[in-house]
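I opened this entry to look up a few spots in the structure. My notes follow in the order I took them.

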Amino acid sequence: MISLTLTGELEERLKAAADESETTAPEIVARAVEHYLELRDVRLNSARAAAAEADKGYFVSQAKMHAWMDSWGTEDELPPPEADTNCFSTH
């Protein structure tokens with residue numbers, strides 16, 4: 001069990017939300033915490049995947065990135081570029 005102290009305004013808002021939704025304040029808090037943790041997991045997994053991809057050394061070159069960005073809002077807007085350079089390459 002976890003104990004939680006809320007500020008007066010936040011506690012009042014939580015009570016009002018519970019009354020309006022015909023649920024309890026603890027149920028709302030539990031759902032909010034669950035939602036927060038799910039979003040946190042998604043963000044962390046995304047960051048880990050991006051780091052693993054970056055560790056491979058493949059990146060979009062500055063030239064391709066600029067060409068893509070320069071096309072934004074034009075009739076010939078380009079799709080996002082794919083990696084075209086490897087920072088571990090020895091050329």
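**Ser 71 and its surroundings**

I began with contacts. Leaving out residues up to four places away in sequence, I found that Ser 71 touches Asp 76, Glu 77 and Leu 78. I note here that the model is a predicted one.

Next I looked up where Ser 71 sits. Ser 71 belongs to helix α3, which covers residues 62–71.

Is Ser 71 buried or exposed? I read a relative accessibility of 7% for Ser 71. Buried means under 20%, so Ser 71 counts as buried.

I then checked polar atoms. A polar atom of the Ser 71 side chain lies 2.8 Å from the backbone nitrogen of Leu 78. Leu 78 is also among the residues that Ser 71 touches.

**Trp 72**

I moved on to Trp 72. I found Trp 72 in the loop between α3 and β2 (85–86). Its relative accessible area is 45%. That lies between the cut-offs of 20% and 50%, so I logged Trp 72 as partly exposed.

What does the side chain of Trp 72 reach? I found the backbone oxygen of Trp 68, at 3.4 Å.

**Helix α2**

I turned to α2, residues 25–55, and located Tyr 36 in this helix. Tyr 36 forms a nonpolar surface patch with Val 33 and Leu 37. Together the three have about 290 Å² of accessible area.

I also checked the span of α2. With 31 residues at 1.5 Å a residue, α2 should span 45 Å. The end C-alpha atoms are 45 Å apart, so the two values agree.

Last, I looked past the helix. Gly 57 follows α2, and its phi is positive, near 90°.

Definitions and conventions:
Residues are numbered from 1 along each chain as its sequence is written. This is a predicted model: local features need pLDDT of at least 70, side-chain atom pairs count only at pLDDT 80 or more; totals for chains, interfaces and linings use all residues. Side-chain values use heavy atoms; hydrogens and water are left out. Patches are made of residues with over 30% relative accessible area and no salt bridge: like charges are joined within 9 Å, nonpolar side chains (Val, Leu, Ile, Met, Phe, Trp, Tyr) within 5 Å. Accessible areas come from the Shrake-Rupley method with a 1.4 Å probe; for residues, only the protein chains shown count as cover. A salt bridge is a side-chain nitrogen of Lys or Arg within 4 Å of a carboxyl oxygen of Asp or Glu. Helices (H or I, at least four residues) and strands (E, at least two) are DSSP runs, numbered from the N terminus. The expected span of a helix is 1.5 Å times one less than its number of residues. Buried means under 20% relative accessible area, exposed over 50%, partly exposed in between (1.4 Å probe, protein chains only). A polar contact is a pair of N or O atoms within 3.5 Å; within protein, one must be able to donate a hydrogen and the other to accept it, and residues adjacent in sequence count only if both atoms are side-chain atoms. Contact means heavy atoms within 4.5 Å.
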